[in-house]
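Below is a set of questions and answers, meant to be read alongside the model.

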Amino acid sequence: MVLVVEVVLTAMDHLASSVAETLRTNYCPANKAIFLAVLGGIVAASCAIGIALMGRGYTARVAGTLLVIFAVGGAALDLFGFFGCGNRIEPGLTWDWPW
Amino acid sequence: MIPWHVSAQYCARQGATEYLEMWALLLVFAGGAVLTRKASRGVSGAFVGFAVLTGVLGASMFYGCSMTAASEQGMTTDLPHATYTILRCLGYDVRYLTNSWALFAVSCAGAIALLIFGTIRWKRAARAYAFTGSALLTVAAFVFAFFLLFGFSWCSSSRLF
């Protein structure tokens with residue numbers, strides 16, 4: 001009985017490891033450096049445009065503030081997903097752009 | 001068991017486009033609420049309502065995906081069948097839900113805006129165009145709401161499992 005339980009638990013551990021590995025390899029960037037550079041560029045450009053808009057009228061100030069919030073929030077979401085990637089990627093399920 | 005954050009990070013990557021779309025939509029509605037606050041409290045309130053609903057739907061989709069991602073890959077789940085079905089339907093086809101919701105919300109907002117425009121404009125032709133456009137957008141909103149609810153109901157009916 002103990003042996004059966006151990007076999008089942010071992011199988012479950014293997015399954016959990018396999019699934020975790022799948023989740024860490026799907027939809028990951030093929031090249032992490034390029035991905036981070038593109039993401040950083042987009043965030044920097046969005047923040048620059050947003051800050052430039054803030055110096056104008058009321059409507060432009062609201063739009064600029066929202067653009068900065070969008071860029072920061074979007075980058076946070078992308079980085080959250082990005083840091084969940086393991087050391088290898090699943091071919092055919094790559095994620096090469098921040099969007 | 002798979003740690004929750006592993007599934008959540010997988011979902012953030014898998015549905016990045018859709019979650020960014022929902023984030024943008026939420027901010028556009030929030031901006032609309034701020035900009036129309038002084039002009040019309042009712043319109044501003046409607047924008048706030050759409051922003052809140054967008055946030056709730058986006059968060060629900062993310063939660064649904066993260067709670068069912070591991071079991072979609074073959075792991076067992078402790079969730080009751082009904083709960084699992086709802087969560088899976090929220091998190092499985094986020095593109096369909098996002099696009100349906102975006103089209104519905106934008107149609108509603110456009111219909112409201114044109115209705116107000118038609119009310120405050122005194123030229124007959126402009127009013128006619130505004131009211132006609134508002135009516136058409138209202139019909140479109142009903143169509144998109146139908147697709148949104150039909151898709152979710154179809155998935156929830158367990159026909160696909």
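**Loop, interface, core and helix pairs**

Q: In which loop does A:Tyr27 lie?
A: In this predicted model, A:Tyr27 has a positive phi of about 55 degrees although it is not a glycine. As for its place in the chain, A:Tyr27 belongs to the loop between α1 and α2 (32–54) of chain A.

Q: Does A:Tyr27 count as buried or exposed?
A: A residue is buried if 20 or more other C-beta atoms lie within 10 Å of its own. A:Tyr27 has 22 C-beta neighbours inside 10 Å, and therefore counts as buried.

Q: Which element gives the most to the side of chain A that touches chain B?
A: The contact draws 26 residues from chain A and 24 residues from chain B. On the side of chain A that touches chain B, the elements giving two or more residues are α1 (2–25) and α3 (58–82) of chain A, and by class this side has 17 nonpolar, seven polar and two charged residues. The element that gives the most, with 12 residues, is α3(A).

Q: Which residues have the most contacts inside the largest nonpolar core?
A: Elements of both chains give two or more residues to this core, among them α1 and α3 of chain A and α5 (94–120) of chain B. The core has 52 residues, and those with the most contacts inside it are B:Leu26, B:Phe29, B:Met61 and B:Ala105.

Q: Which residues does B:Met61 touch, not counting residues up to four places away in sequence?
A: B:Met61 is one of the residues with the most contacts inside the largest nonpolar core. With residues up to four places away in sequence left out, B:Met61 touches B:Leu90, B:Gly91, B:Val94 and B:Leu97.

Q: What is the orientation of α2(B) to α3(B), and why?
A: The axes of α2(B) and α3(B) are 8 Å apart, and the two helices pack at an angle of about 160 degrees. The residues of their contact divide into 12 nonpolar, five polar and no charged, and the crossing is left-handed. Angles over 145 degrees count as roughly antiparallel, which makes α2(B), relative to α3(B), roughly antiparallel.

Q: How are α4(B) and α6(B) oriented to each other?
A: In the contact of these helices, B:Thr85, B:Ile86 and B:Cys89 in α4(B) meet B:Phe152, B:Cys155 and B:Ser156 in α6(B), and the crossing of α4(B) and α6(B) is right-handed. Their axes come within 9 Å and cross at roughly 140 degrees. The orientation of α4(B) and α6(B) to each other is therefore oblique.

Technical notes. Residues numbered from 1 in each chain as written. Chains lettered and ligands numbered in written order. Predicted model: local features only at pLDDT ≥ 70, side-chain atom pairs only at ≥ 80, totals over all residues. Contact = placed C-beta atoms within 7 Å. Helix = DSSP H or I, 4+ residues; strand = E, 2+ residues; numbered from the N terminus. Nonpolar A, V, L, I, M, F, W, Y, C, P; charged D, E, K, R; others polar. Core = buried A, V, L, I, M, F, W, Y, C linked by C-beta atoms within 7 Å. Buried ≥ 20, exposed ≤ 12 C-beta atoms within 10 Å, placed from the backbone. Axes fitted to C-alpha atoms, helices over the stretch in contact; angles between N-to-C directions. Parallel < 35°, antiparallel > 145°, perpendicular 65-115°, else oblique. Left-handed = near helix turned anticlockwise from the far one by under 90°.
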